[in-house]
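Here is a short briefing on nonpolar packing and charge pairing. Please look over the sequence and model below.

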Amino acid sequence: MKKADPGWLLIISVTICLTAAGPAGSGLKSKSLMENQKLAKQESLDKYLSGLISKGEPGLAAAVLKNGQPAMIYTAGVVDVKSLQPITARSNFRLASVTKQFTATAIMLLARDGHLRYDQSLRDYFPDFPPYGQAMTIRQLLTHTSGLPEYEGLVPEADPAKEIEDQQITDRQVLELLKQLKAGDFPPGEEWRYSNSGYVLLGLIIEKASGQSFDEFLHDRIFAPLGMETTVLYERNKNTVQSRAYGHTRVSGRWQIKDQSLASATRGDGRIYSSVEDLIKWDQAWRDESLLTNDEKKLALTPVKVRGKGPVDPDGRPAAYGFGWFLNPWEGHPRAWHYGETTGFRTTIQRFYEDGLTVIILANRDDLNPSSLALRLARSFLSSKSR
């Protein structure tokens, strides 16, 4: 087989129909109108995303969904700079903190089943946890109001002579590190502070409450029912990531594969790999009641309130937070959103639920700001609503 030209760059805009076909006999005029609409949308994505990725570079996959219309997908770049395989709608990226909305949903399903309660404390699942954390509740873990210290600041530095994946901290090691502390960052429920530690513990709680491994529970209760066929909670030596996109960073002007750190093996805070094709199905589940009822979704999308310092976004600006979602509006448009940032990856989902608009961007390089790109796209589609 002829080797692919390393200078080749894939930029594709395609549409995927998520709704049933229209009635028979709709006629050539209707079909032509539909094609013109698709072309206009395609041009809109190209306008904002083309030109970002140079030849042979790691890139991105993006999707825009609006009012149940066919999804618009844009892909550019390669899954890794060694194979130069093009990114497609089925390429699976590490979601980083976008994982948290799946962890939160798993907790919500267990609460529905009666296997746990939001007001249960850590002592119900970890009886030997130190006094400072025994009163912390599942609800506070979900909303980042528990006061649990951030575990990443407790992890010893990596030994450069060893493979990073052989030194990665596990969920249970995070639990043991937290048990060694004498106090939290603040009394439970008093303030808001983003906590990966809380979501790591939620993953362990899911296993205790369900009687299944975390990855099996996510597969059986979320991924498989929604048809998210290749989405996986990745665990080294246990499962694999199909069509995997590898993270990249630029070193001395050259792109290098680098997508693992000491904290890359913890699960509930950021270990899911997924594609824009599968995340379209995830978005649909938040549009209907295929997974959660409307009342349950309202619970997840209700901003937490605290007496002290409240939620802030990644730039330190005032925000709002529910169960695994930031909830502060943008330019007057209500939204549920999250970002993901980890070694070699940057990701975001921006859901403008009252406008019927969702923008998803996954990047396997660390020099892009998908949230900023997504909001540029959102402005285009939101403003076109009135035209």
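Is Glu341 buried or exposed? Glu341 is exposed, with a relative accessible area of 53%. Here exposed means over 50% relative accessible area, buried under 20% and partly exposed in between, using a 1.4 Å probe on protein chains only.

This is a predicted model, where local features need pLDDT of at least 70, side-chain atom pairs count only at pLDDT 80 or more, and totals for chains, interfaces and linings use all residues. Residues are numbered from 1 along each chain as its sequence is written, and side-chain values use heavy atoms, with hydrogens and water left out.

**Nonpolar cores**

- The largest nonpolar core holds 85 residues. A nonpolar core is a set of buried Ala, Val, Leu, Ile, Met, Phe, Trp, Tyr and Cys residues joined through side-chain atoms within 4.5 Å.
- Within the largest core, Ile222 and Trp282 touch the most other members.
- Beyond its neighbours within four places in sequence, Trp282 has contacts (heavy atoms within 4.5 Å) that include Gln101, Phe102, Thr105, Ile222 and Trp325.
- A second, separate core has 24 residues, among them Ala76, Ala363, Leu368 and Ala374.
- In soluble globular proteins, nonpolar side chains tend to be buried together.

**Salt bridges**

- The count comes to 26 salt bridges. The rule asks for a side-chain nitrogen of Lys or Arg within 4 Å of a carboxyl oxygen of Asp or Glu.
- Glu341 pairs with Arg346 in a salt bridge, at 3.9 Å from N to O. Arg346 is buried at 15% relative accessibility, whereas Glu341 is exposed.
- One network, joined by salt bridges that share partners, takes in Asp171, Arg172, Glu207, Asp215, Glu235, Lys238 and Arg267.

**A pair across the chain**

- Glu235 and Arg267 form a salt bridge, with 3.6 Å between the closest N and O atoms.
- The two residues are 32 residues apart and link distant parts of the chain. Glu235 sits in the loop between strand S5 (232-233) and strand S6 (248-251). Arg267 sits in the loop between strand S7 (254-257) and strand S8 (272-274). Strands are DSSP runs (E, at least two residues) and helices are DSSP runs (H or I, at least four), numbered from the N terminus.
- Glu235 counts as buried at 18% relative accessibility. Arg267 is buried too, at 7%.

- Asp283 and Arg287 form a salt bridge, the closest N and O atoms being 2.6 Å apart.
- Both lie in helix H7 (residues 276-287), four residues apart, about one turn of the helix.
- Asp283 is buried, with a relative accessible area of 2%. Arg287 is partly exposed, at 28%.
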